[in-house]
Amino acid sequence: MAGPLTSMKILDFSTLLPGPYATMLLADMGAEVLRVEAPDRVDLTRVMPPHDAGVSTSHAFLNRGKQSLALNLKKEDSKEKILQLVKDYDIVIEQFRPGVMDRLGIGYDTLKAINPKLIYCAITGYGQTGPYKDRAGHDINYLSIAGVSSHCGREESGPPPMGIQIADVAGGSHHAVMGILAAVVHRQQTGEGQFVDISMTDAAFALNGMAGAASIAGGQEQKPEGAMLNGGSFYDYYQTQDNRWLSVGSLEPQFSARLCDILELADMKSFALSQNAEHQAEFKAALREKFLQKTLEQWRVIFAETDACVEPVLTIDEAAEHPQLKARDMVIGVDRGDGTQQKQIGFPIKFEKTPASTSCIGQPLGGK
């Protein structure tokens, strides 16, 4: 069965993470994606370690299911090739700084004159407008300017460097996919294409969610360990005897009551429910002391048959072997092109009628 997006044909001018992750999701859902890559300036993900069977694992994952076309966009014949392709590939995604595609002669206005139904998505750090539109940045900068970093981490140590790229992926990639698909629906209804402007900073700012609402509308300052969900309550991580960690999210009364019963802290049930900062601090101290008395595996066994919202903090390798993720096919085998398969993270959305799939790992430059 084909994926739900088999009618979509995408020209992908992006490199590194945000754009390629977005087009990987679209390719997994059946879209035909053709990457346009410079032959003289290698995408860093093609050479980034580690490697598997001679191929960067980052490239193999991010560019699975796509074709590659090597073009030097500064040459006239390459420009003419793009002008021909856009007649058929009616979705474009790029992540150059504003104005770069225009200077190359293949910007939105030029391409939509050839194909008025064109959907053109540009992913940038700060968007196509505003005083920062031409400014360089990375994930850590976008999270900082968007206010996200200010209320993450610990009071004493400050904001942590994140283990995943939140602004790049949750911001840039996911919002690009949403924007493109919304524009496709609009095109189906009206026949019109449009420009989709994705700012990773805008998207990261929107991810503030409840904290943003509390700050902007409620006048409540957001800071590390200052709210229920960022360390200001017992909803937190706790170290075990073997220097591993447990996550405790037992906020609802029935869950916190079970937590207290299991840990023999029945006299502190009222503290768990209290919004008093001193009560929460005392309860957290009691939890820290208790959890240090056993290993992660011992706690895992104790909580395995109980709904108390307590789970082990797993490594990625451990998560890949977790029975829940395995049951959901979140680790798949993808064809390397030689009859063998590489293990990769699977597609997270499950379609009843049109399941997602992928045909191959990321291809060599210019490869089909």
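Predicted model: local features only at pLDDT ≥ 70, side-chain atom pairs only at ≥ 80, totals over all residues.

Reader: How many residues of helix α1 are buried?

Author: Helix α1 covers residues 18-28 and is mostly covered. Here a residue is called buried when its relative accessible area is under 20%. Y21, L25 and D28 are among those that pass. The count of buried residues in α1 is 11 of 11.

Reader: What distance should helix α7 span, and how far apart are its ends?

Author: Helix α7 holds 25 residues, 166-190. At 1.5 Å a residue it should span 36 Å, which agrees with end C-alpha atoms that are 34 Å apart.

Reader: Are α1 and α7 parallel or oblique?

Author: Their axes come within 8 Å and cross at roughly 50°. That angle makes α1 oblique to α7. As for the hand of the crossing, α1 passes α7 right-handed.

Reader: Which residues of α1 meet α7?

Author: On the α7 side, the partners include V169, A176, V177 and I180. By class, this contact has 10 nonpolar, two polar and one charged residues. The α1 residues that take part are P18, Y21, A22, L25 and L26.

Reader: Which residue with a positive phi follows each helix?

Author: After α7, the residue with positive phi, near 80°, is G191. After α1, where phi is near 110°, the residue is G30.

Terms used. Residues numbered from 1 in each chain as written. Heavy atoms only, no water. Helix = DSSP H or I, 4+ residues; strand = E, 2+ residues; numbered from the N terminus. Expected span 1.5 Å × (residues − 1). Buried < 20%, exposed > 50% of the residue type's maximum accessible area, 1.4 Å probe, protein only. Axes fitted to C-alpha atoms, helices over the stretch in contact; angles between N-to-C directions. Parallel < 35°, antiparallel > 145°, perpendicular 65-115°, else oblique. Left-handed = near helix turned anticlockwise from the far one by under 90°. Contact = heavy atoms within 4.5 Å. Nonpolar A, V, L, I, M, F, W, Y, C, P; charged D, E, K, R; others polar.
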